[in-house]
Amino acid sequence: MQTTAISPLSLAPVSPAKCSDSFRHLPDHARTAFEQFQAGGDPAALGPVMFAILTDFSPRRSAVPLGDLPGDTQLIADLGFDSLAITEVVFTAEDLFGISITNDEIVQVRTLDDLLGFIQVKVSDRRVA
Amino acid sequence: MPPLPVITGLGFITSIGHDRAAVGRSLRELAHGFERVEFFGNPNLPVKVAGTIKGFDFPTPNWRDWRWPERFTVDRELLRGLAPHGVYALCALQQALTEAGLEPAELSDGTTGLFCASAGSPFMLGSFLGQMHETRGERGNPMGLVSSIAGTLNFSLAAHYRITGAVCGFVSACASSSHALGYAMDEIRLGRQQRMLVVGAEDMTAESIMAFSSLRALSNNPDPATASRPFDRRRDGFVGTGGAVAVIVEDAALARRRGAHILAELVGWGQAGDGHSVTASHPEGAGLREAMRRTLADARLNASDIGYVNAHATSTVAGDRSESLALHAIFTRQGAKPRVSSTKALTGHGLSMAGVMEAAFCALAIDEGFIPGAAHLEEPDPVCAGLDLPRVSLAEAPGIVLNNSSGFGGSNVCHLLRRPA
């Protein structure tokens, strides 16, 4: 099948910094955790970063910090996320952690644990690769 | 009795005030809403003045950086998909619903529709497309499309307020919200809806306003006190503004059943094209003249019945001249002499939202019994000779009021409003 070039086809990786505009709004502890992750790949640093991203995109202000909620808390049913908000969270995670997530994978993510576990696996895969 | 559309609520986020009281005061005292501005951080630009929206700040396209007066509530969930003018619109609509005595929960039963007008958000669209170019299509803000394209206003507000009646956006440049209001009147008159929310809004950004500098349509006068002076011999272009205005239109019978205060009846509207130029108005105002004639016919009124005309006049050399000629054709030649003023002398030109903004000013003037004066008019253009252009606002009931609007392509739209019987 012939491919028509709508834009240049020889793509170099997109700079991770390109779409991380939302990161500058995250609280200090999340930024520090992200620096730890960048420096040493500490997987424990993923949690604070992901909860901060989720809080940033959360449609409602939760009385309880998201990190203190049960792991089976549902993003859509319990926290009021819509599919686009989840997509925004995923895009931010992709940019920060240099991972790639497909649409099929996004729809499998339903709970807080799903999301954190999924991101950890993705990051581990990337490091192995 | 056929349904009669009436106005029961107004909301304003404008350069001359963010509530009915402030706007009424500005119109009476002829206090303008202009400030010196520096678009694109470029001191060399000849455009120095704009109708700024005080208390709101949109320094970047990132909603986390946006600020608005504390008295307004903007849901976080909604904010992600809004343009700056969507924030203005939400604040204006909250006011209008409060004045009309309506709760958001009352808008979802299918009897209420929503007609909006904005040009979309060049500010948000530029950012969104810039991101896509920068990442060569690998990324785009998921809310980039809905927050930027023409229609952003109607689909954001319709979803937020759970509107299940008629929902539509109107795009006829500077006649857009006049079309929205006219067709909203028809929805009521045809019995299709009992209530219509009509909202016009525009960003107040360099991207929205400076685009008109490319057309040489903006004033280069650096003095906020004189840059916008419709009908004055020394006028040199319009001053841009943004903001939002919301109007609640209901069937009079419903409004009376609810015990709502009726500010004004909407007794007629009409439109006509110039069939002339994509940007310039017809040199003799042929389309506007015909639109006024059709509007009077729609209401079964004569030129001599009209007490006040809120002119479209934006302070451009050609546009004000052609409107003057159209006004002479409809009024002066019939021996009629309504008061005439353009409130754009105070607000600037609100582009898509201008028509509904000025219809709201007319409703306010009818309800409070005053006529806005022709601000900043010192040396009337000779073409205006014979028009009654009061230099100060008058503490007199305006009678039946005609509201004029014109847009690109020669779209001309007029409305007639009067005090409730």
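## Cavity, cores and chain A

The lining of the largest cavity comprises five nonpolar residues, one polar residue and no charged residue. This is a predicted model, in which local features need pLDDT of at least 70 and side-chain atom pairs count only at pLDDT 80 or more, while totals for chains, interfaces and linings use all residues. Residues are numbered from 1 along each chain as its sequence is written, and side-chain values use heavy atoms, without hydrogens and water.

A cavity is a set of points on a 1 Å grid over the protein atoms alone where a 1.4 Å probe fits but cannot get out, and lining residues have an atom within 4 Å of a point. The count is one cavity of 30 Å³ or more, and the largest holds about 30 Å³ of space. Its lining consists of Pro230(B), Ser342(B), Ala345(B), Ala374(B), Ala375(B) and Leu377(B).

A nonpolar core joins buried Ala, Val, Leu, Ile, Met, Phe, Trp, Tyr and Cys residues through side-chain atoms within 4.5 Å; buried means under 20% relative accessible area, with a 1.4 Å probe and protein chains only.

| Core | Residues in core | Members include |
|---|---|---|
| Largest | 90 residues | Phe97(A), Ile119(A), Leu157(B) |
| Second, separate | 45 residues | Phe115(B), Phe170(B), Ala180(B), Met357(B) |

Phe97(A) touches, among others, Phe34(A), Leu46(A), Ile119(A) and Arg126(A), not counting residues up to four places away in sequence; contact means heavy atoms within 4.5 Å.

Chain A has five helices and zero strands, a helix being a DSSP run (H or I) of at least four residues. Of the 129 residues in chain A, 41% are buried.

Key
Chains are lettered from A and ligands numbered from 1 in the order in which they are written. Buried means under 20% relative accessible area, exposed over 50%, partly exposed in between (1.4 Å probe, protein chains only). Helices (H or I, at least four residues) and strands (E, at least two) are DSSP runs, numbered from the N terminus. On a 1 Å grid over the protein atoms alone, a cavity is a set of points where a 1.4 Å probe fits but cannot get out, and a pocket is an open set with protein on both sides within 12 Å along at least five of seven lines; lining residues have an atom within 4 Å of a point. Grid points are joined across faces, edges and corners, and a volume is the space filled by probe spheres set on the points. Ala, Val, Leu, Ile, Met, Phe, Trp, Tyr, Cys and Pro count as nonpolar, Asp, Glu, Lys and Arg as charged, and the others, Gly among them, as polar.
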